[in-house]
Amino acid sequence: IVIWIIILVLIILIAGIGIYTVTHAKKLSPGLKQAEGTLQFRIHVWNITVPLIRKNPIWGVGLNNFRTQQEVRYFWSSAHNQFLHVAVEMGIPALVAYLAILIIAGYMAIYVYQVSQILWQRTLALGLGWGQLAFLFFGLTDAIPPGAKVGIFFWLSLALITALFRFATNNRQSSLHTLNG
């Protein structure tokens, strides 16, 4: 249960930082003069992205169509926030599904790390889990659009976590069956 609390706190923290930054962009902007090429630029992009999400909350603007929007005019390829980008291109329901996938993947990696007695499984679960967490933090200020070619590595990582979870749970069930049988 402690792990679930930690996961929930991390997700709330990440979402809170993103929401606070977007909703308080105008208050934050004056203090960001030194970061003109980085954070201030991202806040500007987020300020353009949020109204697009409001305008298309269910279906979004379509996969890889963010850059084609009149407000964006091909200047940027992403919303510079993974969560905003998923919401703007695929809608809020897709964002909820995306977050659910991330939470489930986190649970599976933690489960394998805690339960498995096999070193390579624990090591792989730890590496893939930390990789996903790093991607979450990266996603606060940048994005790999879901339709981008390099996005395959994100999905491959999730597939590896799922396969590792299935392998570890099958091994555990068979060892429990052997002990009871």
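Which residues form a nonpolar patch on the surface? In this predicted model, the patch consists of Val150, Ile152, Phe153, Leu156 and Leu160, which together have about 500 Å² of accessible area. Of these residues, Val150 is found in the loop that lies between α6 (119-138) and α7 (152-180).

The loop between α6 and α7 also holds Asp142, a residue that forms a salt bridge with Arg42, with the closest N and O atoms 3.8 Å apart. Because a salt bridge is counted when a side-chain nitrogen of Lys or Arg is within 4 Å of a carboxyl oxygen of Asp or Glu, the pair of Asp142 and Arg42, at 3.8 Å, is included. Distant parts of the chain are linked by this pair, since Arg42 belongs to helix α3 and the two residues are 100 residues apart. By the rule applied, the count comes to 2 salt bridges.

On the α3 side, Trp46, Thr49, Val50, Leu52 and Ile53 take part in the contact, where they meet Leu84, Ala87 and Val88 of α4. Classified by residue type, the contact of α3 with α4 has 7 nonpolar residues and 1 polar residue, with no charged residues.

How values were computed:
Residues are numbered from 1 along each chain as its sequence is written. This is a predicted model: local features need pLDDT of at least 70, side-chain atom pairs count only at pLDDT 80 or more; totals for chains, interfaces and linings use all residues. Side-chain values use heavy atoms; hydrogens and water are left out. Contact means heavy atoms within 4.5 Å. Helices (H or I, at least four residues) and strands (E, at least two) are DSSP runs, numbered from the N terminus. Ala, Val, Leu, Ile, Met, Phe, Trp, Tyr, Cys and Pro count as nonpolar, Asp, Glu, Lys and Arg as charged, and the others, Gly among them, as polar. Patches are made of residues with over 30% relative accessible area and no salt bridge: like charges are joined within 9 Å, nonpolar side chains (Val, Leu, Ile, Met, Phe, Trp, Tyr) within 5 Å. Accessible areas come from the Shrake-Rupley method with a 1.4 Å probe; for residues, only the protein chains shown count as cover.
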